[in-house]
Amino acid sequence: MIENFKTLKYFFIEHKWAYILGVVWLIFVDLLQLLLPEILRRFTDDLQANVLGSQEIFRYGLYVLIIGFLLAFFRFLWRIYIIGTSKKLEFELRNKLFSHLLTLSTNYFNKSKTGDLMAHATNDINAVRAALGPGIVMIIDAIFITIIATTMMFLTTDVRLTFLALLPLPFLAFSALRFGKTINQRFRMVQESFSSLTETVQENLSGIRVVKTFVQEEPEIQKFAEKNQNVFNKQMHLIRIFGLFQPLIFFISSLSYLIVIVYGGSLVINRHISLGDFIAFSTYLALLIWPMMAAGWVVNMLQRGSASMARINTILSQEPEIIDGEDAVELPEIRGDVRFDNVSFKFPDSQEYALKNVNLEIPSGSTLGVIGRTGSGKSTVASLLLHLFETNEGTITIDDKPIETIKIRSLRDHIGYVDQDSFLFSTTIAKNIAFGVDEASEDEIRRVAKIAQVHENIVDFPKGYETFVGERGVTLSGGQKQRISIARALIKNPQILILDDSLSAVDTDTEEKILHHLSAEMKDKTSIVIAHRISTIKDCDNIVVIDEGEVIEEGTHEELINRRGLYTRLYEKQLLEEEISGEE
Ligand SMILES: Nc1ncnc2c1ncn2[C@@H]1O[C@H](COP(=O)(O)OP(=O)(O)OP(=O)(O)O)[C@@H](O)[C@H]1O
Ligand SMILES: [Mg+2]
C-alpha cells in the first residue's frame, strides 16, 4: 500500500520540516488535552475536601483558560503545517499531472476518455491529499492519545474499571473500519452519478443549437431529470449509512459510560477511588472516543489514497509514443523542400492502411493541392508531416533530412497548420490569433487577419479584436472561425503552411482573395492545400488526387482535366453544381 506513495518521496524530503513541526504541534495539542483530566481530578478532590477558597477556584479557572488558549494556538499551527502542506502537495500533483498529460502523444487522447482524465485530476488527487493530510493527523492522534490516555487510566484509577470500560472501544475502531469502507464506496457512487449529470448539462449547453433545432428539449429535460433522480438516490443511499454510523458510534461509547457509571460509581461509594478519579476517568474516556474511531477510519483513507495514487502513477509513467530520437537536431532555418518517399501508414490499432506507397515532392516555393473523397487519407498526410504519428514504411524528408532526425519542437515550429476543425480557445480573438507565438504586436495580428480576409469581420464586432470567442462571447460563423485559424497559423511566419480543408466554409470570392494574398505571403515557402473543392486548388503548382490512401492522379489542373479520371469527374460535377446554383 505504501509503495504507491514512493513517487512522492521527493515531496516528503523537500517538506520534511513542515511535517515534522506539524507533528510536534499536534503532539503538543494532544498533551495539553491530556492535562485536562488531571486538573479536573485535583479540582474535584479539592472541592470535595472543601479546601478551596475563591482564590484557588479562580486559579483553576485560569489554568483551564490558558490551556484553552494554547490548544487553540497549536491547533492553528498544526493545521497550517500539516493540512497546508498537503494542500501544497495537491497543488504540485495537479500541475505535474497536467504538464505530463500535455507531453503525451495525440494518440493517447484518442484512447482515453476526457471524463476519466478529469476524474483523475479531481477525485484521485483529492483522495491522495486526504490520506497525506488528515490521514496523518488521525494516525498520530490514534497512536498518541490512545497510549497515554489508557496508561493514565490504568495507573491512576482502577485496573479492573479501566479494562472493563475500554472493552467496547475496539468495536468503535472496527465499525469505523467497516462502515468507512461502505461509506467510501457509496460516496464514490455519488461522485460518479454527479459527474454524469454535469456531463449532460455541459453537452446540452454547448450543443444547445442541435438540441433546439431537433426539438429535443423535452427528451433532454427528461434525461436530465432521470440523472438527477439517480444522484438523489445515490445520496440517500449514502445518507442512510451515515445515519446509521453516527448513532452507532454514540451507542458504543455509551456502553463504556454505562460501565463507568455502574462499576465506577460503586467504586466511589466504596471509597475505592475518589470522586476526582471518577471525573478524570470519564474525561479520559471522552478523549479516547475520537482516536479510536480515527484508527478504523484512517485505514480506509490510506487505502483509498493509495489506490488513487496508483492510478495517478499509471498516468505519470505513460511515455509519449512519439519522442525525439537520440540524434535528433534542432533546425533553426529550413528551406522547406518536402518529400514523401513510398510512405505507407496504418493508424495504431487499425488493420487497414490509411496511406499506401505515397510519393510526394513539394519543393520550397511551390504549392501542392491535395484533393480526394472524404476519408481518403488527406488529413493523414498532414498528421504524418507534423510527426503526430510514426510512419510504418517509407520516409518523409524536409530539406532531405528525415523528419525523425529533426527535433519535434523544431519541426512543428516551422509548420503552420490550420486544422480541419478550426478549434478556437474561449478567449479573445486577438489571443487566439497570437496563440502560437510568445509575443505579437497589434499590427502583426491585424496584418495576418487581413491576409486571412477576416479583419473586416472582426472590426465590425463591437469589441473588435477583444471579442470573446466561444462560450461567453459571440458565436463566430464557421467561415470566420476558419479564417481566424488561418491567421493563427500565419502569425508564426512558418516556412511550411498546411491548410486542411480550411476554406470549405468560405465563399469562392473570399477564397480567391485569401489564396491570392497567401501566394504573395508564401512566395518562397511551401504550401499544402487540402480541399474538396476544385476551385481551392486549381491554381496550385501541382495537384495530387488521393483515393483510398493512394495517389491515383497527379499533375496541374490542365493536365488532370485532360486525363479524364476522378479529377475530371469531380470537376465536371462541381461545374454542374455551380451552373445550377447560378441559374437560381
Ligand atoms: N486517429 C485515427 N485512428 C484510426 N483511424 C483513423 C484515425 N484518423 C483517421 N482515421 C481513418 O483514416 C482514414 C483517413 O482519414 P483522413 O482523416 O486522413 O481522411 P480525409 O481524407 O482527411 O477525410 P476528410 O475529407 O473527411 O477530412 C479514414 O478511414 C479514417 O477513418
Ligand atoms: Mg481530413
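1. Let's start with the ligand. The residues of the shell around ligand 1 divide into 2 nonpolar, 10 polar and 2 charged. Here Ala, Val, Leu, Ile, Met, Phe, Trp, Tyr, Cys and Pro count as nonpolar, Asp, Glu, Lys and Arg as charged, and the others, Gly among them, as polar. In total, 14 residues surround ligand 1, and the closest are F347, T374, K378, S379 and T380; a residue is near a molecule if its C-beta atom, placed from the backbone, lies within 6 Å of it. Helix α12 (residues 378–385) gives the largest share of this shell, 3 residues.

2. A word on the model and its labels. This is a predicted model, in which local features need pLDDT of at least 70 and side-chain atom pairs count only at pLDDT 80 or more, while totals for chains, interfaces and linings use all residues. Residues are numbered from 1 along each chain as its sequence is written, and chains are lettered from A and ligands numbered from 1 in the order in which they are written. Helices (H or I, at least four residues) and strands (E, at least two) are DSSP runs, numbered from the N terminus.

3. Now look at the sheet. Its 6 strands have the order β6-β7-β8-β3-β9-β10; the sheet is open, with mixed pairing. Two strands pair if DSSP finds at least two bridges between them. The edge strands, β6 (415–418) and β10 (550–555), each pair on one side only. From one strand to the next, the twist averages 15°.

4. Next, follow β3 (residues 367–372). Strand β3 runs parallel to β8 (residues 526–531), joined by 5 bridges, and V370 has I530 of β8 as its bridge partner. Strand β3 also pairs in the parallel sense with β9 (residues 542–547), over 5 bridges; there G369 stands opposite I543.

5. What sense of pairing do β9 and β10 have? They pair in the antiparallel sense over 5 bridges, and I546 has V551 in β10 as its bridge partner. These two strands form a hairpin with 2 residues between them, and E548 in the turn has a positive phi of about 45°.

6. Finally, find two helices. The axes of α6 (residues 134–156) and α11 (residues 275–316) come within 8 Å and cross at roughly 150°. Axes are lines fitted to C-alpha atoms, for helices over the stretch in contact, and angles run from 0 to 180 degrees between N-to-C directions. The helices are therefore roughly antiparallel to each other (angles over 145 degrees count as such). The residues of their contact divide into 21 nonpolar, 4 polar and 2 charged.

Technical notes. Parallel < 35°, antiparallel > 145°, perpendicular 65-115°, else oblique.
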